[in-house]
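I opened my notebook to look through one structure, step by step. I started with the whole chain and then picked out single residues.

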Amino acid sequence: MNPQAHTGSYYAASANEATAFAPLRGEQSADVCVIGAGFTGISTALHLAERGYNVHVVEAHKVGWGASGRNGGQMIGGIAGEKHIAKHHGRDIEDLFGELRWAGHNIIRERVETYNIDCDLKYGYVDVAIKERHMRDIHYDYERLQKANFPHEVRILSREETRAVTGTDAYIGALLNMGNGHLHPLNLCIGEANAAVSLGTTIYEQSPVVEIQRGDRPRVVTENGAVSADAVVIAGNAYHYLERQLRGIMFPVNSFIVATEPLSDAIVAAINPQDLAICDPNFVLEYYRLSADKRLLFGGRLNYFGDDPKVIEAKHRRKIARHYPQLANVRIDYAWGGSIGVPITRVPQLGRLAPNIFYCQGYSGHGVNVTHLAGQIMADAIGGTLERFDLFASVKPLVVPFAHTFNTPMVALGVLYYQVKDRL
Ligand SMILES: Cc1cc2nc3c(=O)[nH]c(=O)nc-3n(C[C@H](O)[C@H](O)[C@H](O)COP(=O)(O)OP(=O)(O)OC[C@H]3O[C@@H](n4cnc5c(N)ncnc54)[C@H](O)[C@@H]3O)c2cc1C
């Protein structure tokens, strides 16, 4: 693997710029050291920098190299794991989480405006239903939004209305939500990184952290340097490989995306005339949307654990053709995959390994929104405001059996298990 390169994604090919931050060298000192320059790490750094902290971010590869620069770009509301919270923590805690469901969207909107970030942000999203039980979930969600006075248009769509906005007969209905949306995730991440740098943050790329030394001022060590800081935030998520304890509380689940060639106006009008992000409710789900230059970006989890673009293309081409026979032979220009951190509870994991070493991971595929909230909560916690941090930390992570020995076939087995469950 070339640590200087992004994966071969459409996003890397259409990034506004290529970042080139120097690797960490020598002894450095900061208020806060963040490990990982994905949305979690960069969001944390930017929140802290806005409050006047001196932050250093240490990234093994490049800004947005992990899930943040590879994802579906779907800005989905809600925090994963709400069913677990409702069942095990009661209505009051569920309501507290409920209040945070769209907090990350607001942060993204503010940042795009404040820092003038060009990331193709668009509003409009449909949660589609395949089975009657999905429609029941949609009605439940709709009522919750009504009760919460959700400030954006939300509407339940009939089968015919769903067909009209998705161009496929695969769904029996949908929830249209104009508060959700889609964006170019790598350009957002790079834009936010530049914003943090403009406020004094230092970013090091190509600097894998090899050790975190505990103490009053923990020391984050790479091969050629170290950063000592009052606090450390570990934001490596599914790509984190250092602290076994963190690897042991979530599954890395792979997801894959293809980008077609740009589509004609006629095809665009037939398959997605309102430029919505579309997502189905399965665990082994399909999610898709158009890019700014009108490619179909089609993503989904697969029972596959490699990264061969030809295999990804073949598997996704079949799925695309099921929805859109007119695209059976469309040219596919990019195919890539990435890892999502999924806790057993699905609830994002915010916690500490020591009083001054924080971590934040496991958004279960809802990370575009929730990472932005998580970064704000991390900055609050470092500043001593702990209410929302404690709320998340109160959901105790379940240990993934045999996690320390786990390997890709086990991930594939997990996906197979959920494929069977989705069919029930
Ligand atoms: C294919 C795919 C599709 C997805 N689609 C969506 C979607 O449509 N909507 C949505 O909301 N979410 C989606 N997600 C999930 C979302 O992308 C993630 O939840 C989110 O990006 C996580 O951000 P992060 O910063 O926590 O982790 P990452 O973006 O993975 O960043 C972690 C970073 O830490 C670095 N790192 C790790 N260990 C070290 C170390 N020891 N030293 C230095 N650096 C280190 C890595 O190099 C990496 O850059 C998707 C994910 C994938 C993979």
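**Entry 1: burial and overall form**

Of the 424 residues in the chain, 57% are buried. I noted at once that this is a predicted model.

Next I checked the radius of gyration. It is 21 Å for the chain. A compact globule of 424 residues would have a value near 22 Å, so the two agree. I also took the span of the C-alpha trace along its principal axes, which is about 60 × 45 × 45 Å.

Then I turned to secondary structure. I found 13 helices and 17 strands in the chain.

I asked myself what share of the contacts with a separation of 6 or more joins residues 24 or more positions apart. The share is 76%.

Last came the surface. The accessible surface of the chain is about 17400 Å². Carbon and sulfur atoms hold 52% of that surface.

**Entry 2: charges**

I looked up the charged side chains. There are 41 positive and 44 negative ones. The centres of the two sets lie 6 Å apart. Side chains of opposite charge can pair when their charged atoms come close.

**Entry 3: Arg101 and Asp141**

Arg101 sits in the loop between helix 3 (82-99) and helix 4 (103-114), while Asp141 belongs to helix 5 (residues 132-147), so the pair ties together parts 40 residues apart in sequence.

Are these two buried or exposed? Arg101 has a relative accessible area of 7%, so I wrote it down as buried. Asp141 is buried too, at 18%. The cut-off for buried is under 20%.

**Entry 4: Asp169 and Arg163**

I moved on to Asp169. Asp169 is partly exposed, with a relative accessible area of 44%. Arg163 is also partly exposed, at 35% relative accessibility.

Arg295 is buried, with a relative accessible area of 10%, whereas Asp333 counts as partly exposed at 28%.

**Entry 5: Leu188**

I picked Leu188 in helix 7 (residues 185-198). Its relative accessible area is 0%, so it counts as buried. I then asked which residues Leu188 touches, not counting those up to four places away in sequence. They are Phe39, Ile108, Val112, Ile117, Cys119, Leu183 and His372.

I also took one distance. Leu188 and Ile234 are 46 residues apart along the chain, and their C-alpha atoms are separated by 21 Å.

**Entry 6: Thr201**

Thr201 lies in the loop between helix 7 and strand 7 (202-204). It is buried, at 5% relative accessibility. Setting aside neighbours within four places in sequence, I listed its contacts as Ala45, Ala49, Val55, Val57 and Ala196.

**Entry 7: Asp380**

I found Asp380 in helix 11 (residues 367-382). At 15% relative accessibility, Asp380 is buried. Beyond its neighbours within four places in sequence, Asp380 is in contact with Arg51, Thr385 and Arg388.

**Entry 8: Phe283**

My last stop was Phe283. It is in the loop between strand 12 (277-279) and strand 13 (286-290). Is Phe283 buried or exposed? It is buried, with a relative accessible area of 8%.

I closed with a distance. Phe283 and Gly104 are 179 residues apart along the chain, and 22 Å separates their C-alpha atoms.

Definitions and conventions:
Residues are numbered from 1 along each chain as its sequence is written. This is a predicted model: local features need pLDDT of at least 70, side-chain atom pairs count only at pLDDT 80 or more; totals for chains, interfaces and linings use all residues. Side-chain values use heavy atoms; hydrogens and water are left out. Helices (H or I, at least four residues) and strands (E, at least two) are DSSP runs, numbered from the N terminus. The radius of gyration is taken over C-alpha atoms; the globule rule is 2.2 Å times the number of residues to the power 0.38. Buried means under 20% relative accessible area, exposed over 50%, partly exposed in between (1.4 Å probe, protein chains only). Contact means heavy atoms within 4.5 Å. Accessible areas come from the Shrake-Rupley method with a 1.4 Å probe; for residues, only the protein chains shown count as cover. Lys and Arg count as positive and Asp and Glu as negative; His and the chain ends are not counted. The place of a charge is taken as NZ of Lys, CZ of Arg, CG of Asp or CD of Glu.
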